[in-house]
Structures are given as C-alpha cells and as structure tokens.
Amino acid sequence: MLKSVMCGSLRQESVGQRVTLAGWVNRRRDHGGIVFIDLRDRAGIVQVVFNQQENPVVFEMASRCRSEFVLQVEGVVRARPAELVNPNLPTGAIEVVAD
C-alpha cells in the first residue's frame, strides 16, 4: 500500500493511529538528534519527526532528505505538546513519529 491516509487529513482524532504517508518534502529542519520534515501531498502538510535515539537508521535517512524529495513514511500519530501546536496548520496539533 502506498499510503493509508492523506497528509492533510490527519487531526487530533488520529492520535494513536499507525499510518503510512507518501508525499514531497516541503521543508526539513535538523535540530541535532531530531529531524523534522514537513511532508506534503495534495491534501496538505503534516510534520514528521525522526529521532536519532529511537531509530538511528531512519534518522540517518531523514538527514539526507532535501526539499522536493519524495518519501513514503510509516509511523504513529501523536499529539504535539500544547506550547508547540501550530494554529496556522489544520494538522498543527499533531505530528507523525516515523519508524
């Protein structure tokens, strides 16, 4: 299966779900040990988290990604901490932890 859900369709109700996403790297941010990728498809954007401590292999792959790379990502949807919610995005209350 290429994907189980569209990037832009994930919401707070999706927390805890295991999902497969496919889309383009809109933006990548490296915070030293954690890489954040904003993954987009035609439905919108969702933040995907790659943690070096939790999965070094996946983290290394994410570290090499650049804008417009096409990715397929599997992971679990989790709620973002209240102080990190992005009110400018429909998916701003959640993120996907890649594994």
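**Pockets, strands and core: a short walk through the model**

Let me start with the second largest pocket, whose lining residues divide into eight nonpolar, one polar and two charged, where Ala, Val, Leu, Ile, Met, Phe, Trp, Tyr, Cys and Pro count as nonpolar, Asp, Glu, Lys and Arg as charged, and the others, Gly among them, as polar. What we have here is a predicted model, in which local features need a pLDDT of at least 70 and side-chain atom pairs count only at pLDDT 80 or more, while totals for chains, interfaces and linings use all residues. Residues are numbered from 1 along each chain as its sequence is written, and side-chain values use heavy atoms, with hydrogens and water left out.

By a pocket I mean an open set of points, on a 1 Å grid over the protein atoms alone, where a 1.4 Å probe fits and where protein lies on both sides within 12 Å along at least five of seven lines; a lining residue has an atom within 4 Å of a point. The second largest pocket has a volume of about 180 Å³, the volume being the space filled by probe spheres set on the points, which are joined across faces, edges and corners. Its lining includes Phe 50, Met 61, Cys 65, Leu 71 and Asp 99.

The largest pocket, for its part, holds about 230 Å³ of space, and its lining has four nonpolar, three polar and five charged residues. Among the residues that line this largest pocket are Arg 29, Phe 36, Asp 38, Gln 47, Arg 78, Arg 80 and Glu 95.

Let me turn to the strands. S1 and S2 run antiparallel and are joined by six bridges, and I call two strands paired if DSSP finds at least two bridges between them. These two strands form a hairpin with three residues between them, and in the turn Gly 32 has a positive phi of about 60 degrees. Within this pairing, Asp 30 has Val 35 as its bridge partner in S2, and Trp 24 stands opposite Arg 40 in S2. Trp 24 also has a bridge partner in S4, namely Val 70, in keeping with the seven bridges that join S1 to S4, again antiparallel. S2 in turn pairs with S3 in the antiparallel sense over eight bridges, the two forming a hairpin with two residues between them.

How much of S2 is buried? Six of its eight residues are, so the strand is mostly covered; buried means under 20% relative accessible area, exposed over 50%, and partly exposed in between, with a 1.4 Å probe and protein chains only. The C-alpha atoms of Val 35 and Phe 50 are 5.1 Å apart, although 15 residues separate them along the chain.

Now the core, meaning a set of buried Ala, Val, Leu, Ile, Met, Phe, Trp, Tyr and Cys residues joined through side-chain atoms within 4.5 Å. The largest nonpolar core has 22 residues, and those with the most contacts inside it are Leu 10, Leu 21, Ile 37, Val 46, Val 48, Phe 50 and Val 96. At least two residues of this core come from each of S1 (18–30), S2 (34–41), S3 (44–51), H1 (56–63), S4 (70–79) and S5 (94–98).

Ile 37 stands opposite Val 48 in S3. Setting aside neighbours within four places in sequence, the contacts of Ile 37 include Val 25, Val 46, Val 48, Phe 50, Ala 62 and Leu 71, a contact being heavy atoms within 4.5 Å. Val 46 lies in strand S3 and counts as buried because its relative accessibility is 0%. Beyond four places in sequence, Val 46 touches, among others, Cys 7, Leu 10, Leu 21, Ile 37, Ile 94 and Val 96.

Finally, a loop residue: Glu 68 is found between H1 and S4, and its phi is near 75 degrees, a positive value in a residue other than glycine. Most residues other than glycine have a negative phi. Glu 68 has a relative accessible area of 46%, and is therefore partly exposed.

Note on methods. Helix = DSSP H or I, 4+ residues; strand = E, 2+ residues; numbered from the N terminus.
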